[in-house]
Amino acid sequence: MSSPRSPWAVWATSTTAFALVASLLTSAVSSSPVAASPADSKPEPHPSAATRTVTLITGDRFVLDRNDNIMSVDPAAGRADIGFRVEKTAEHMYAIPADAERLIAQGTVDRRLFDLKGLLAGGYDDARRGRVPLVLGGSAAASSPSFSATRLASRPVPDGTTVTKELPAVRGAAVEVDKNKAEDLWQTLTRPSATGVAEGQRSAVSGVRRIWLDATVRAAADSNVTRIGAPTAWAAGYTGKGVKVAVLDTGIDSSHPDLTGKVVAEENFTATADAGDHFGHGSHVASIIAGSGAASHGTHEGVAPDARLLNGKVLDDQGSGETSGVLAGIQWAVDQGAKVVNMSLGGTDAPGTDPLEAAIDDLSARYGTLFVVAAGNDGRRGDSTIGSPGSTDAALTVGAVDASDALSSFSSTGPRVGDYGVKPDITAPGEHIVAARAAGTALCQDSCLPGDGPVDDNYTAASGTSMATPHVAGAAAIVASEHPDWTGAQLKRTLMASARPGAGLGAFQQGAGRVDVAAAIGQRITSEPASLSFGSAAYPHSDDEPVTRTLTYHNSGDQDTVLDLTASTTDRSGNPVDAGTFTVSPDRVTVPAGGTATTTVTSDTRVGSADGQLSGTVTATTADAVVTRTPLGAVRESEAYNLTLHHIGADGEAPTTLGSDTLFNLATGETYSPAPER
């Protein structure tokens, strides 16, 4: 929404099933046996941060590296001679002990109990959970023994196992077992199979019909939150916990069910009476970032539900504010320890550096804060409509896409005013976003899209880059919860390196592409800068000078990585043009673990004939996958000539005082008033 009263205004135009965190994929692309390590071959007692340990229901412990490769197996007592069969797919890795094969094949034992990747993703590794949670299903036979706090069907509850609740629905019980006692429970629930069955196989004891993983479930999130991969990050244990996100906006209705207990500090930088939200914009934004979804039973949960919010009210109850108030809010947010600052606001950009741009660049460098800023909603006016302060280098500037990842018609685009820089940096869902409705507000007014507006007393739908921005701020909080020591610049590089580019769009429309937090939590290779801008080349182009920039690759992983680099060129609509306009040399680099490697990228606008916006991409690949893409941008001026006007007075002499000149385009009706030379 825009306001005639102030240049600073908010940037907004105006699944029902449960999802299992550790889901089952039964098909395998590879299968290989793995022998258990000898009983005296122990993994290191305190694995490094690069390793994870998972204890199975059998008591066997697996140590995996960060790439999910099995480093060692520590069998439970008496199980050193029991081998394992490993099945690997892209999403799962099952380590199935020989004595569980028959039980799994029969459907008695849940295969997910042996899915190492699934258990890690669900938070069942030893670092995060000391007990194995199970659901035991009892026999349907009336004569079968029942479950209780002291007995598991026909067997007493062993030491280290607790019956947490009886479950009549499955004629069984929920139990938890200490991981160092898991093998005892395995022996209690299963027994050697009868004669005639393959040696070493086991069967369930009397009265036990099923042994399931007590898997985590979540209410299905909004499609936009799911689309950017937030549930995958949650399943991996990254929810924004411990991260402060400042919302500089119209205030927050902290009494809303989705925002209760979320706000840890607030300050009012406007002339209004309080820091509450009486316009509706700030609460909507805040709940996209960190809303609990309580009023919708989890459906409208935010991207980073465990992040803590700082409420900096810098826009008044009509949705506008002054530069000074926003500047004060920025400093306050940094002083409060915000790792991420969401700014779904902006005004018209102009050449040069304005106070907000200067402050964001300075505070980003000094404090390591990431400012996530809306690109603006002026896309229908054409190119070079990115608003300030999203125009500043340090900001992570966010455009909006629809449900198909097509650029929203209202989303402002580059090139940046003044220097033709690449902006926005990234995109996110920004149309018809349902989020918290502040009490007494409607939010959506005459500038909203058809279909926007109040949903019920607790929620309203709205569209704009204001709504896209908090998706990215929430994604940044998730990555920050994974890497609490990272700076805002590192968070920005990672989110851009892992983004998904959309078809038919160039760098000046989408930056790196649509945010993908599921990919971001595993991103190890990033580039600095995260995009490269080569400015504008004036017509004619036969005498253009090639422009070269340095590109540095960072490797936060624990393995050296060899990258093959290729450069491509497209027009504004993403169509390939003029191969060779962008080149990269060297085209192969080795990025050491924890280190960097550099290459150079050159823009040569003498190549080819396509004028206007030229987008490029440096794509870095390993032997089997695309690792990251770095967007490039240059503008090749179309045919144009300088026009010099000489003024002569009625007396035939040059006037002593120059007036103003206005040029009229007779075809379009447009006017242009150039500044006179003095």
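Entry 1: The buried residues of H8 are Leu 356, Glu 357, Ala 359, Ile 360, Leu 363 and Ser 364. They cover an arc of only 165° around the axis, which puts them on the same side of H8. For my cut-offs, buried means under 20% relative accessible area, exposed over 50%, and partly exposed in between, with a 1.4 Å probe and protein chains only. The arc is taken from the directions between the helix axis and the C-beta atoms. A reminder to myself: an α-helix has 3.6 residues a turn, so residues three or four places apart point the same way.

**Entry 2: sources and labels.** The model is predicted, so I kept its thresholds in mind: local features need pLDDT of at least 70, side-chain atom pairs count only at pLDDT 80 or more, and totals for chains, interfaces and linings use all residues. Residues are numbered from 1 along each chain as its sequence is written, and side-chain values use heavy atoms, with hydrogens and water left out. Helices (H or I, at least four residues) and strands (E, at least two) are DSSP runs numbered from the N terminus.

**Entry 3: the length and ends of H8.** H8 covers residues 355-367, which makes 13 residues, and its first and last C-alpha atoms are 18 Å apart, close to the 18 Å expected at 1.5 Å a residue. The expected span is 1.5 Å times one less than the number of residues. What caps the N-terminal end of H8? I found Asp 354 there, with a side-chain oxygen 3.0 Å from the backbone nitrogen of Leu 356. Just after H8, Gly 368 takes a positive phi of about 70°.

**Entry 4: salt bridges.** How many salt bridges does the structure hold? I noted 28, each being a side-chain nitrogen of Lys or Arg within 4 Å of a carboxyl oxygen of Asp or Glu.

I looked at Arg 85 and Glu 101, whose side chains meet at 2.8 Å, N to O. Arg 85 lies in strand S7 (residues 84-88) and Glu 101 in helix H1 (residues 101-105), so the pair ties together parts that are 16 residues apart in sequence. Arg 85 is partly exposed at 23% relative accessibility, and Glu 101 is partly exposed at 25%.

Next I turned to Lys 179 and Asp 126, a salt bridge with its closest N and O atoms 2.8 Å apart. Lys 179 sits in the loop between strand S13 and helix H3, and Asp 126 in the loop between helix H2 and strand S9, 53 residues apart. Lys 179 counts as buried at 11% relative accessibility, whereas Asp 126 is partly exposed at 24%.

The side chains of Asp 516 and Arg 500 also meet in a salt bridge, at 2.8 Å, N to O. Asp 516 is in the loop between helices H11 and H12, and Arg 500 in the loop between helix H10 and H11. Asp 516 is buried, with a relative accessible area of 8%.

**Entry 5: a sheet.** I finished on an open sheet of three strands, in the order S4-S5-S6 with antiparallel pairing. S4 (51-55) and S6 (70-74) stand at the edges with a single partner strand each, so one side of each is left without a neighbour in the sheet. Four bridges join S5 (residues 61-65) to S6; two strands pair if DSSP finds at least two bridges between them. Phe 62 stands opposite Val 73 in S6.

Definitions and conventions. A polar contact is a pair of N or O atoms within 3.5 Å; within protein, one must be able to donate a hydrogen and the other to accept it, and residues adjacent in sequence count only if both atoms are side-chain atoms.
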